[in-house]
Structures are given as structure tokens and as C-alpha cells.
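Let's take a quick walk through a couple of spots in this structure. Have a look at it first, then read on.

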Amino acid sequence: MTRTRFAPRRVAALLIAAAASLPLLACARAAVAADAEAQRQKAQTCIACHGPQGNSTNPAIPSLAGQPKQFITTQLVMFREGRRKDAQMSPLAAKLGNADIDDFGTYFSAQKPAPPAHRTAPDKIAASQRLAEQNHCVSCHGPELKGQQHIPRLAGQQSAYLRAQLRGFKASTRFDMDGQMTSAAQALSDADIELLADYLSGLP
Amino acid sequence: MKEPAPALAPPGAQTAPAAPPPSWQQGRSAEQAKSPLHPIAPILTGRPASELAHDKLKVPPGFKVEVWVDGLPEARSMALGDKGTVFVGNRNLSDVYAVIDKGGKREIKKILKGLASPNGVLFNKGTLFVAEKNRIVRYDGIEDRLDNPPEPKVIIDGLPEQPGHFWKVMTLGPDGKIYFNVGAPGNIVMPSYIQAAILRVDPKTGKMEDYAQGVRQSVGMAFNPKTKQLWFTSNNRDWLGEDGPSDILQVVKRKGEHFGYPYCHQGDTPDPEFGKYRSCSEFTPPTLKLGAHIAPLGMRFYTGKMFPAEYHNTMFIAQHGSWNKTVKQGYNVINVSVDASGKPKSKVFLEGFLTDPKADPPMWGRPVDVLVMRDGALLVSDDYNGIIYRVSYKK
């Protein structure tokens, strides 16, 4: 039996087809780049508080860089719908359409989280790790606490922000979609919350 | 005064016992502690149908599937009003939506706000019933005042505010009573008498009765229009393995019947923890095993005239699809018919949401409920994308 070979005419046809598709590909790439640029510009409003590329430098304001897209969009929906409330965020989110929210999610989830500025004191690491384990943090937030789906990345998050959220969950005042965090935070003492916030914000 | 921590506790040791793990993880074995499996969360903004591969959805020859409406956040249970309004509930939000068909163009209206997980919706004689986490309420004459709905009247309040399976569905019985579920408060736990059950309430008097026991979580039920018996789907326990136990379809033959949870699953599998207390032979076995972790949710008998005769009075069941399984399955709408001897037979009716059984997520959409429209078309809701599809038939 003869080996199958590409007939020269077939090869030529393939080459022509490939060449013809090049401008199309370039077009598609340009469209994606234009979308990304539009998203980046839109996100400038957020960056005023959440920091460059969503890497916050204010301990009380959360970083958004590298958060799962679904976490960002879920929280913005909840701010818009008035279920999660915040003096700054609520009025901003009230005006957002689903497409805006989707754009913010796409942009910030694609940004690289900056290495944490916070350093956890070495003598507290072991106890904090134990706390995180006992309280099942990795169950939902992922093995490296980098978040998944609608659940936030904790690694490298701002410490004052984390502390405020944990205290809010403990006091049942922080919005909680399914009650998991409110329930988990009940067992934490103020000292536990300090340790966790200090530990998580130092994680890469 | 607060007690000081014991002097010998290592620094940083927690003083209070940690809360239990999240309810979806409850019942996991030690070997499964590092399992990456997790439930799949919906995209609450929804996704425009134009971005999705809905042209890849498949239905049998002669049928057609199209997008009926998109942009309806977390579209789950559906109910049809007398004047054609489709009411839609959800689990993670707090609103009920209405879809009004205006000559082929559909308008979405948020009609009710501030409810607690309004997953269940039911319409009867001008009244919309909504099942929240902890109560069932009614809105009379709502279809004439969608922009200015009446205040709700409470039928039942005080249902358990439980972790796990707090969302409810309802169906109307031939007796005029509302049948609804109270799920198990976790994956595998000993329920209280009101939990893991189907109950019924007379909306006129508010009197409530137990109807069926040992039902872990039913998110779909419907009365057979001919036999007047209640059929329901139920989701069986997780973390017992890749291929079992199977989720089930059941028919209730008598009030008070027990279907096995938490003692026995799928009629023949004693629970490793609770199985020792009872015997499988005490419980009604499944009418049909639907598949492991496949999550059968909304179901309806086909009462329309549009589809071919073989579909008349058969059941359509939406499968939300599996998460507690490494090779995923489901995410289809199936059709179940029962032959003259009473034997049920299942076949896939609508498919194409599943893209890669081993990927995370494995699918691009998840069916939740089905609804037979007046013209005989079948609506299918998808909470992952906030879309409702319409399946129609033409000879």
C-alpha cells in the first residue's frame, strides 16, 4: 500500500486558507485587545480606592487583583441588590448593569496579585496555620487560600479588611449568602481573628 | 466574667470548639478530606445567550430548542399565571421575577423583593404562592398588578432555618393542598420529624400535615393527572463514592410512606452510619434510579398537545448535574414514560450542556425546572446562566 501523502494542490489550498485566515485572526485579537483596554479604562474608577491593577495599598480596602471572577461579580451583584451594604460601594454598584459587572470581574481576575506587603511574625505562623486548619478555611477557599468560583482569595488580602469582615461575620452583621461564614466565625475569639488576619495577609 | 484560657494551652490555641465544616462537606470520610470536589455556584449576573453555545443543544428529530429569555438572574423554579405570566424564583437572591410575553418579545420584571431564598413558586386561580427558606406566602390577584404587588399573606411561618437544603419547591394536589419539601439539614444527619419530608398545607385553613418521610431533598414534584398520585425526584447523599447511591424518582402510594433517608439509600444501600438502626426492607424502594449525583430537580407531566402522542402524560425531569463525582454526568432534561405494566423508562430529551466531564466546571449550563406552556411548548430554566430555553415541536 502506498503511504498517504498530501497532494501538492491540497497543500497549496491549505496554505491559501491559512494565509486568508491571518487577517481574521489579527482582527479577533484586536477586538479582544480593544475589549481589554475598554475594561481597563472602566476599572479606573475602582482603582482610586482598590489600588493599581486592584492591588490595594490601604489596609482597610480589599485587593481585587487575582480574585476569582465569580467572586467579584457575585459581590457586585449583592452590593447592587442592597444585600451587602457599604457607604462607598453601595452607591457605585447601584448603577451597574450586568455587562459592567462582568467587565470588572474579567479585568480584576486577570490582574496579577502583588507580593504581600504585610509580613506575618514568624513565631505566630504555626499557631495561625493550626487555626486555619481547625476552622476549615481551605475547604472552600482552596488549598492555598487563593479562592475558587464565588469564594474569595484570602492569601495576601489586606489585614484590616480581613479583620473587619471576620468581626462582621461573628456579629452576624456582614452579608453572608449561605450562612457558612457566619457559622464558622462564631467559634473565633478576638485573638483568633487577629491571628488569622495577620497570617492570611502575609500569604503569597 | 469570661473564663481565662487554660494555662497550658499552646499560644494561639483556639478556646472555643471550631464550627462544623460547611454542610456540603458534612459526612466526608477522612480519606476524602483533601478532595477537590465542590458544588458549582451560579453566575449571578447571568450570561448573554449570544456568548454561549446554545446552538449545540440537541433535542430529538422534529423538536427545536431556542433561547426564550436571557438576563434573568439565577432562573430556577417556574410557574405559569392564568394570563400567561411566567413567575421565576431563585435560591441565592431575594427577588421573584416575572416574564411577560409581548407578541414574541419578552419583558423581565422584578416583582417581589426582600424575600429569603424564594426558590419555590406556584400559581393557582389568580394567586402566586412563594416558598421561602422559612415560610410559604401568597400574593392574591398579582397578575393584574405586577408593578404594584399586594402585601404577602402568610400561610405557614417558622419552618426550620437550617443549614443545607433550605430551598423549597411546591406543587398543587388534586385536593387543592400545596405539597412542599423540607429537606435534610445536611448531607447525612438524623433529621427531626419535620425534616427530610414532604408535607402538605391547605392554603385556605393553613392546616399542615406530614405526607411522606425519609426524603433527603426533593426539588421536584408533580401529580400524575391520570392516577392523581404524587411523583417526586430526590437527591441522595454525597461522599459515598463515584457511582452511588443513585438519585431517585418515586411515586407515593399512601400518606405516611417512608423512603429510607437517612437509614437506607436507593432502596438497597444501608447508610454506613445510620443503616444499623433500621432495615432497607422497611422502606419503599425507588420507582426508578436516575443516576449517581445527577441531581434531578424540577419535573412536570406533559399535559400539552404540541408534542407527539408518545409524550402525552410522560414526565420531563431537569437534571442539574453532578458535582460530588470526578467524572461528571447529567445536565440534561430527560423524559420518563411508564408502560402498561407500570415499568418506567428513561431517555435523554435535551442535551449539550456538558462539555468535558473531567473539567471544572464541566458544563456551560445547568437545567433546574421544566414548565409546560399553554401552547404545549416546554420551558427549561438554567440557573447557571440566567436563561430560559423553549422546546417546541413541528411535524
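At roughly what angle do the axes of H8(A) and H10(A) cross? Keep in mind that this is a predicted model.

## Two helices crossing in chain A

The answer is roughly 145°, with the axes of H8(A) and H10(A) coming within 8 Å. The crossing is right-handed.

On the H8(A) side, the residues in contact are Ser159(A), Leu162(A), Arg163(A), Leu166(A), Arg167(A) and Lys170(A). They meet a set in H10(A) that includes Asp190(A), Ile193(A), Glu194(A) and Leu200(A). Sorted by type, the residues of this contact come out as six nonpolar, two polar and five charged.

## A closer look at H10(A)

H10(A) covers residues 190-201, and its end C-alpha atoms sit 17 Å apart.

Most of H10(A) is covered, with nine of its twelve residues buried. Among them are Ile193(A), Leu195(A), Leu196(A) and Tyr199(A), but also Asp192(A) and Asp198(A). H8(A) isn't the whole story here: the buried residues of H10(A) pack against helix H6 (125-134) of chain A as well as H8(A) (159-170).

## An open sheet in chain B

Over in chain B, four strands form an open sheet in the order E14-E15-E16-E20, paired antiparallel. E14(B) (220-223) and E20(B) (288-292) are the edge strands, each pairing on one side only. From one strand to the next, the twist averages 15°.

Methods
Residues are numbered from 1 along each chain as its sequence is written. Chains are lettered from A and ligands numbered from 1 in the order in which they are written. This is a predicted model: local features need pLDDT of at least 70, side-chain atom pairs count only at pLDDT 80 or more; totals for chains, interfaces and linings use all residues. Side-chain values use heavy atoms; hydrogens and water are left out. Two strands pair if DSSP finds at least two bridges between them. Axes are lines fitted to C-alpha atoms, for helices over the stretch in contact, and angles run from 0 to 180 degrees between N-to-C directions. The expected span of a helix is 1.5 Å times one less than its number of residues. Buried means under 20% relative accessible area, exposed over 50%, partly exposed in between (1.4 Å probe, protein chains only). Contact means heavy atoms within 4.5 Å. A crossing is left-handed if the near helix is turned anticlockwise from the far one by less than a right angle, and right-handed if clockwise. Ala, Val, Leu, Ile, Met, Phe, Trp, Tyr, Cys and Pro count as nonpolar, Asp, Glu, Lys and Arg as charged, and the others, Gly among them, as polar.
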